[in-house]
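Good morning, and thank you for making the time.

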Amino acid sequence: MGITVGRRTAALAATAALTLAGVGVGVTHGATGSTAADTTVPGTVVVEENAHGRVLTADPSAHDKQGLVDAVHELRRERERQTSDPTPTPTSTGGGGGHGDQTGFPVRDSWLTSAKSKRVTLPGGKGSIEAAGASFVKVPFMEYYAIFTDTSSDVAWLGERPFNADSIQHTDTWDIGSVGAPFWVVGAPQGARTTSSGSGAQAGWSTTVQNNWYSEHAYDQVAFYPPSQDDYSNVFRISHSVTGTFQFGSSFYTVTSRDRAYR
């Protein structure tokens, strides 16, 4: 049982296409129509957007914190129910190839979903900080690449006093363990930090909102590919995590949710 050159070549062609697509992508403020999140829950506003992702926060008029978060999570669950194979899918060239083309062998695709809540006590108040997210990971039967698609996440301060945090740093982290040649990280958000070695690869995307209680991310695709069809490379320990760090005065409080494939 092995991987044909044609199939791996197709995946590498998709790598090149994604690399070119990611060059020179800028972020605009107040834009609409993202392919990453085509539905905005009432009470949320887009503060940054490009063709691949969005950053949203709560409108000042949104006072029902739990209601807004519940609506976001219900929309996320609905997207999961509607499809087990979100777009985009890598394009293939020549002789077929691409994701899931190993006829007769099952792909190892799965949704990674997580949620975590933590009670915190502040000077003058107390409440919960929460982090939650979902990302669909595509992995072929032979496990030689991993593609995270349709990622969405949110972090929130659900206390009432103070109503807003001074700042919220919101981070999505896509992570794989690996053996063999170091993987390429392709299509990560602009400004994301990426690392790659023979034992793993990671992309981390952080944004910060000021004087608000809520932050939301949406991003369409981050891929981890082997550098060459001749390299032996395999992925394992695949995970997606969401971290919120909330600042109140000189104090910081952090919550992280995480899910991994092949538990």
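Let me begin with terms. Two strands are said to pair if DSSP finds at least two bridges between them. Helices (H or I, at least four residues) and strands (E, at least two) are DSSP runs, numbered from the N terminus.

Please keep in mind that this is a predicted model: local features need pLDDT of at least 70, side-chain atom pairs count only at pLDDT 80 or more, and totals for chains, interfaces and linings use all residues. Residues are numbered from 1 along each chain as its sequence is written, and side-chain values use heavy atoms, with hydrogens and water left out.

With that in place, the overall layout. The protein chain has two helices and twelve strands, and along the sequence these follow the pattern α-β-β-α-β-β-β-β-β-β-β-β-β-β. Of its 263 residues, 49% count as buried, where buried means under 20% relative accessible area, exposed over 50%, and partly exposed in between (1.4 Å probe, protein chains only). A contact means heavy atoms within 4.5 Å. Among contacts with a separation of 6 or more, 69% join residues 24 or more positions apart.

How far may the coordinates be trusted? The average pLDDT of the protein chain is 81, and 76% of the residues score at least 70; pLDDT is the predictor's confidence in each residue, from 0 to 100. Residues 1-36 have a pLDDT below 50, and beyond near neighbours in sequence this stretch has 85 contacts in the model. Residues 87-103 are also below 50, with 38 such contacts. Where pLDDT is low, the predicted coordinates should not be read in detail.

I turn now to strand 5. Ten bridges join strand 5 to strand 10 (residues 214-225), and the two run antiparallel. Within that pairing, S152 has A218 in strand 10 as its bridge partner. Strand 5 also pairs with strand 4 (residues 125-138), again in the antiparallel sense, over nine bridges; here V155 in strand 5 stands opposite A131. Why is strand 5 described as largely enclosed by the rest of the structure? Twelve of the twelve residues of this strand (residues 146-157) are buried, and therefore the description applies.

Because 13 of its 16 residues are buried, strand 11 is largely enclosed by the rest of the structure. Strand 6 (residues 165-180) pairs with strand 11 over 13 antiparallel bridges. In strand 11, S233 is the bridge partner of G180, and V235 is that of S178. Towards strand 12 (residues 251-260), strand 11 forms ten bridges, also antiparallel, and T245 stands opposite T254. Strands 11 and 12 form a hairpin with two residues between them, and G249 in the turn has a positive phi of about 65 degrees.

Leaving aside neighbours within four places in sequence, S196 is in contact with P182, F183 and A201.

Now the interior. A nonpolar core is a set of buried Ala, Val, Leu, Ile, Met, Phe, Trp, Tyr and Cys residues joined through side-chain atoms within 4.5 Å. The largest one has 24 residues, and those with the most contacts inside it are I129, W157, W213, Y214, F246 and F248. The elements giving two or more residues to this core include helix 2 (65-82), strand 3 (110-122), strand 5 and strand 11. Apart from it lies another core, of 19 residues, among them F148, I176, F183 and A192.

Finally, the backbone. Most residues other than glycine have a negative phi, and most peptide bonds are trans. Which peptide bond is cis, with omega near -5 degrees? The bond from R161 to P162 is the one, and P162 is found in the loop between strand 5 and strand 6. E143, in the loop between strand 4 and strand 5, has a positive phi near 60 degrees. N211 likewise has a positive phi, of about 50 degrees, without being a glycine; it is found in strand 9 (residues 200-212) and counts as exposed at 54% relative accessibility.
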